[in-house]
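Visitor: I would like to learn how to read a model like this one. Please take the features one at a time.

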Amino acid sequence: MIRSRARWATAGLAVTALAGLSACSAGEAPAGSTDAEATGPVTIEVWGWNAETGEQIAKAFNEAQGDVTVKYVLQASNVATQTNFQNAMEAGSDVPCLVQGFAPLTTMVVNGWAQDITAQVEGSADLYNEGALAAAQVDGKYYGLPSGSDGQFYIVNQKTFDKYDVEVPTTWDEFVDAGRELKPHGVDITNLAGEDPSSLMNLAQQAGAEWFAIDGDQWVVNFTDEGTLAAADVYQQLIDEDLVSNQTYMDKPALLKYFDSGKMASVTTQWWSLGGYQVGFTDSANDWAAYPIPQFADATEPVTPGRTLPSFVPVGCENPDAVMAYTDWLTTPEAVEAGKNKETGAIGFPTQIPDPSPYVEEVIPKGFFADEKTAGDVIVDAQETVIGKFELGPDYDAWFPELQDQWGKAVAGKITLEEALTAVEEFVASDLESKGISYTVAE
């Protein structure tokens, strides 16, 4: 067991929520406001980089009620948001009340940026699904707004499976076996890009892995727990037996052309990727089918990997109730309609609500799936079982590049995945030690 010397860094309905703000807006004025301002709507500044629909959503909300006014401040990008936010926090002025998540929630908490909004979220918990609520928590408290974790499913080239008389797998053991059956025909079961370890993270999450946990005043680090090694074993077999391709995501046209060729049998995905696949898969249109993501053979119930970077209320915002009112309104049909892209008609699929089925038809590209209704059912079911939570620790920005490097070596066959994970764990321990953050490495 390894421990560092230093301390751990710490820091109803939407309408009902809105109605409760009227007294607040007419009460004592927050710092920096005038008495005249206090008698009107509470104004909150929202930062995000949704250039397509962010402002029109805020406008619709402002028109729908009179208690809260949202000022949407468009940021250039995720990176720009982070830079501008850090500058505002350091200056101690012009701090917004709601910021689109640009890093893991634990980073916001450890840096002292996100305030505890447990009381606000718990009052609206019935508006959200379990995955969205889980994603908004750190150590049992809500520091983030319930955010939709996009549940994963997988799409298979049904024509390829049928051509070679291979059953579509329902477990990860069957997935490996299907790869072995397809291999003699020159078909890869899936693609593992050497620069992208998200496949491993997703499978580890599904297997119940916990790379970071909080125990009192310290972090518990474990990149080689039972769940992670079970996930690694699946991919190790695929790598060792050369059952996968290694097409890079950095050359998107070449990647999509390969996926479209019939030589790649399946890929895990989320709802928002489907439009891009529809555009890129010109030769294999109508050959694809959606299925629930395979499960581990010992799973007692279906679980779907999926995580997100929740939006949060910064320390210094005096109106978290107003933020919650706006967030709750985003779950309504009116909000979904307000978020429709005026040029394409596309909506933002409300993955944070308990039942998104009324909207699923609008996110399925026409002419892509052989059976669009079944695809819709699969997407909705994935949201019902999405895990949402996968703790990324206090130093994600440091260790993720190390994971990328080690994953790339493992995919290339230079080291095993277990060796890669052990190396990342050692890197994390060293990094936390250097930053004075208390931790243990689980035995």
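Visitor: Which residues does isoleucine 189 touch, leaving out those up to four places away in sequence?
Guide: The model is predicted. In it, Ile189 contacts Phe161, Phe175, Ala178, Gly179, Leu182, Leu238, Leu243, Val244, Met264, Ala265 and Ser266.

Visitor: How many residues has the largest nonpolar core, and which have the most contacts inside it?
Guide: The core has 55 residues, and Ile189 is listed with Phe161, Trp211, Phe223, Leu238 and Trp399 as having the most contacts inside it. Elements that each supply at least two of its residues include β6 (153-157), α10 (172-182), α12 (226-240) and α18 (396-411). Another core, of 29 residues, lies apart from it; Ala132, Ala322, Val323 and Trp329 are among its members.

Visitor: How do I describe a pair of helices?
Guide: Two packed helices are described by the angle between their axes and the distance between the axes. For α4 (residues 54-64) and α15 (residues 320-329), the axes come within 11 Å and cross at roughly 105°. The two helices are therefore roughly perpendicular to each other.

Visitor: Which residues of α4 and α15 meet?
Guide: Ile57, Ala58, Ala60, Phe61 and Ala64 of α4 meet Ala325, Tyr326 and Trp329 of α15. By class, this contact has 8 nonpolar, no polar and no charged residues.

Visitor: And sheets?
Guide: Strands of a sheet pair through backbone hydrogen bonds, either parallel or antiparallel. Here an open sheet of 3 strands is ordered β11-β6-β12, with antiparallel pairing. Its edge strands are β11 (266-269) and β12 (288-292), and the twist averages 30° from one strand to the next. Between β6 and β11 there are 4 bridges; Ile155 stands opposite Val267 in β11.

Methods:
Residues numbered from 1 in each chain as written. Predicted model: local features only at pLDDT ≥ 70, side-chain atom pairs only at ≥ 80, totals over all residues. Heavy atoms only, no water. Core = buried A, V, L, I, M, F, W, Y, C linked by side-chain atoms within 4.5 Å. Buried < 20%, exposed > 50% of the residue type's maximum accessible area, 1.4 Å probe, protein only. Contact = heavy atoms within 4.5 Å. Axes fitted to C-alpha atoms, helices over the stretch in contact; angles between N-to-C directions. Parallel < 35°, antiparallel > 145°, perpendicular 65-115°, else oblique. Nonpolar A, V, L, I, M, F, W, Y, C, P; charged D, E, K, R; others polar. Pairing = 2+ DSSP bridges.
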